[in-house]
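Here is a short walk through one part of a protein model. Keep the sequence and the 3D view open as you read.

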Amino acid sequence: MIARDMVGKKVKTVAVTNGRIVRRHKAAREFRALLEGRTVKTAQRLGKNLVFALDNGSHLVVHLGMTGRLLRGGPKVPKPKHTHVVMTMATGEEIRYVDPRTFGELYVSTPPAAGAELSVTPLARLSVGGDGAAIRRAVPELAHLGLDPFEDQIGWDRLAAVLRSHHLMLKAFLTDQDIISGIGNIYADEICFASGLLYDRYSDSLSVIEIRRLHRSIIEILTDAVKHGGSTLPDEQFTDPDGKSGNYQTFHAVYNREGQPCRECRTPIEKVTFQQRSTYFCPKDQH
């Protein structure tokens, strides 16, 4: 966990070699000025965003995009190719942001002014627990995000209300960050398989039993993926902060398994292109 390398420590210096990574700021020097000298108080997550609270009430937000990584290192450890931001902590460690495609970003979010009205997505109000609503109120840039399966705790009945209020194909529903935040292409396919549902089923067509299966599958698939360190595929860059690859790809039921037998029924897994992304499914077990 990168949290143990940052929480409780002061950011001594920041080096930015690619301004695209801090593109929300007018210039890299503005990003550096907002971060240097600040102590990291807490580390949280909302959707695909890592959120680090700073000692002055601001937050460092890191969105890894498709190929971004936060790696720990030191002055004597060579920097990987595509290292765009280096945060040197007062204790000497370096936290490096590495991103070959530069789709990710880092920025410092300043807190809303006292008494300011902040519009938080109505979906967050469905939560019966978790820290999601508090994070949205503290970081205005994240206020629009949809339900986070972990930080916004909801029951199947509340998920049902959201599903029935949209007419979207299921995979589009699962990967729309303004509806459900944190699910990407890989895990949407795995969730659909685990719940026995085809990617192109409409969200408002699901029965109560199907919704309950979907709700359970979202939590179970994401929990297992975290436990196994995520998925590192041959054409992807994902690793943990020590550079170690995840191994959840060995447990994939459908993703990246075109032509291979389904683990349940032995029917060959099929692949289609949906919303310009590869989508995998079992034509027998998903309906």
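**Around R96**

R96 touches R69, L70, L71, G73, G74, V77, P78, K79, P80, T83, V85 and V86, leaving aside residues up to four places away in sequence. Contact here means heavy atoms within 4.5 Å. This is a predicted model, in which local features need pLDDT of at least 70, side-chain atom pairs count only at pLDDT 80 or more, and totals for chains, interfaces and linings use all residues. Residues are numbered from 1 along each chain as its sequence is written, and side-chain values use heavy atoms, with hydrogens and water left out.

R96 sits in strand β7, residues 94-98. Strands (E, at least two residues) are DSSP runs, numbered from the N terminus. Is R96 buried or exposed? It counts as buried because its relative accessibility is 2%. Buried means under 20% relative accessible area, with a 1.4 Å probe and protein chains only. The side chain of R96 also makes a polar contact with the side chain of E94, at 2.8 Å. Such a contact is a pair of N or O atoms within 3.5 Å; within protein, one must be able to donate a hydrogen and the other to accept it, and residues adjacent in sequence count only if both atoms are side-chain atoms.

Now turn to β6, residues 83-89. Seven of its seven residues are buried. β6 and β7 pair in the antiparallel sense over five bridges. Strands pair if DSSP finds at least two bridges between them. V85 stands opposite Y97 in β7. The two strands, β6 and β7, form a hairpin with four residues between them. In the turn, G92 has a positive phi of about 105°.

β6 also pairs with β1, residues 11-16, in the antiparallel sense over five bridges. There, V86 in β6 is the bridge partner of A15.

How values were computed. Buried means under 20% relative accessible area, exposed over 50%, partly exposed in between (1.4 Å probe, protein chains only).
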